[in-house]
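Hi,

Here's the structure I said I'd pass on.

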Amino acid sequence: MVTHEEILKIAKLAKLSVSADELVQLTKDMSEIIGFADTINAVSPENSDFDNINHLSNVFRDDVVAPSFDSGEILKNAPEQEDGYFLVKKRA
Amino acid sequence: MTNYELVSGLETHIELATKTKIFCSCSTEFGGEPNTHCCPVCIGLPGTLPKLNRRVVEYAILAGLATNCEISPVSKMDRKNYVYPDLPKAYQISQYDMPLCKNGWIELSNGRKIRITRIHIEEDAGKLVHQRGNTFVDYNRGGVPLIEIVSEPDIRSIDEAREYLEKLQTIMRFIGISDCRMQEGSMRCDVNISVRPAGSEALGTRTEIKNMNSFAHMTKAMDYELNRQIDLLESGEKIVQETRRYNEETECTEGMRGKEDANDYRYFREPDLVTIRVSAEEVAALKAELPELPGARMKRYTGELGLPEADAQQLARSRRIAEFFEAAADGVKNPKAAANCIIGQMFSRLSTEAEKEAFDVAITPEQLRELVMLLDAGKIRMNLVKSTLEKMLDTGKSAKEFISESDMAGLDEDALKAACEQAIAANPNAAADYLGGKEKALKAILGGVMKATRGRADAVKAEQLLIQLIKK
Ligand SMILES: [Zn+2]
């Protein structure tokens, strides 16, 4: 079950404001969603191949170095850059 | 005043010494120009897929085996969501509820066991440089494989915390999965701390000090935080559960505002990576690869070889030193002599702790063994061992290059007897004086023996032999 306090905390983290009416409705909706997720969680991954439809496990690569990209290429889509770094400007 | 007890647990992050990152083939090499060890996978571009490095799983299992953990037959990767510039994807791929290793322990020198809750694998974040209010981001370190080793809150003193971390460091270096250099960030830890009245079973409210990057900072931060919490309790105030940071300048811990609400990481299964299954055969094969660990070696050195505890500890501090010592002491009568050479003269030539552990020396263990064998056989004395070892370390040459046949010949039983007889013959007055009760006269004759053998005779044996010969 989801409590009102949990809904308010999630709302705060998501920076949303929630009215008293919305709180009641959201709590009910969220409880139903979580309830549905519990159905999925009830299947233990320890004893099933439920985890992916191709029944794949242990897909690995060998520890062999391949050339990386040129830093110019890596920074190409960066909104801002300086001296080879991604630049995150101070927020006003 | 109430007596308080420290209750602490450590979360230790260790960078694995793989050649490539955890999910892509970029190099993990330390340093380099910013953003030059990057590709679309490790900067999180849409449409890219991570692929797990097999060696990361193997190294983490080795870490688990070396710390008495159970290895999970089935585990998986999860997404830990948080928004910060050091994570290009806005989530870190980690393990949440099914870590690769769990339920281990490390034993401290006082016999207490610090339980290890879990060891999981995850990717490191990028490096941030804050300047003039702006943040410069370098993703070279982003995607480097880490293991996080989480202990139970079993630590009861700052000394225990230090020893626990040192033990982890030694073990991980021994098995060769990380260089564990705190100053370079390849080992760092978060410390959970609470206090309670001594004897109480209940746990107090805890705080977490983030990102300790040296042993000195960790002990200072713990000391400060312990006293801060005790002061609060003594003055009737409440401890706030929070994340704190250690300020190196003020040597205090301070609260990190805004972190309290962010502890909801909304973990969920990483859909881009498949299940990890580890068979019993694979675990057995890795176990067979594991070298003998420092604790077991120390026990062997103090037990079988009869070395003092302090020597054993010095020799077991790195795999390189331990293996050098064992090869040098192999089959010798006096392993303590080999230990002394290493801990004394050889260590004194290596200035830093790191150099000592790397133990890059000019001679082979076989050359040291040969020198110790000469001592064993009574062919040379300890003072000649020292001067010869110096020359060997300067040149890389063998002991026999510096010790002539006559040096060695001068010291077997017959040669010693001959030298004693000659010394008596050369100084008949002193012999007569000694017989007449002047004990000091013997010193003059002994001096003759030492001179003739160039200081390589065993003075105690020579003295006994002289008395026998004079009294005859
Ligand atoms: Zn990459």
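Along the sequence, the residues that hold the zinc ion follow the spacing C-x1-C-x12-C-x2-C. Keep in mind that this is a predicted model, so everything here is computed from it.

Which atoms actually grip the metal? The zinc ion is coordinated through the SG atoms of B:Cys24, B:Cys26, B:Cys39 and B:Cys42, at 2.3 to 2.4 Å. The angles between these four donor atoms run from 101 to 115 degrees, and that makes the arrangement tetrahedral; to count as such, all angles have to lie between 85 and 135 degrees.

Now pick out two of those cysteines. B:Cys24 and B:Cys42 both sit in the loop between strand S1 (4-15) and strand S2 (52-53) of chain B, so the pair ties together parts that are 18 residues apart in sequence. Are they buried or exposed? The cut-off for buried is under 20% relative accessible area. B:Cys24 has 6% relative accessibility, so it counts as buried, and B:Cys42, at 9%, counts as buried too.

Next, go to strand S1 of chain B and find B:His13. With 14% relative accessibility, B:His13 is also under that cut-off and counts as buried. What does its side chain make polar contacts with? One partner is the side chain of B:Glu122, at 3.2 Å, and another is the side chain of B:Glu148, at 2.9 Å. Leaving out residues up to four places away in sequence, B:His13 touches several others, including B:Leu146, B:Ile147, B:Ser186, B:Met187, B:Arg188 and B:Asp190.

Cheers

Conventions
Residues are numbered from 1 along each chain as its sequence is written. Chains are lettered from A and ligands numbered from 1 in the order in which they are written. This is a predicted model: local features need pLDDT of at least 70, side-chain atom pairs count only at pLDDT 80 or more; totals for chains, interfaces and linings use all residues. Side-chain values use heavy atoms; hydrogens and water are left out. Donors are N, O and S atoms within 2.8 Å of the metal (3.2 Å for Na, K and Ca); water is not among the atoms, so sites may look incomplete. Four donors count as tetrahedral if all angles lie between 85 and 135 degrees; four count as square planar and six as octahedral if opposite donors are over 155 degrees apart and all others between 65 and 115; anything else is irregular. Helices (H or I, at least four residues) and strands (E, at least two) are DSSP runs, numbered from the N terminus. Buried means under 20% relative accessible area, exposed over 50%, partly exposed in between (1.4 Å probe, protein chains only). A polar contact is a pair of N or O atoms within 3.5 Å; within protein, one must be able to donate a hydrogen and the other to accept it, and residues adjacent in sequence count only if both atoms are side-chain atoms. Contact means heavy atoms within 4.5 Å.
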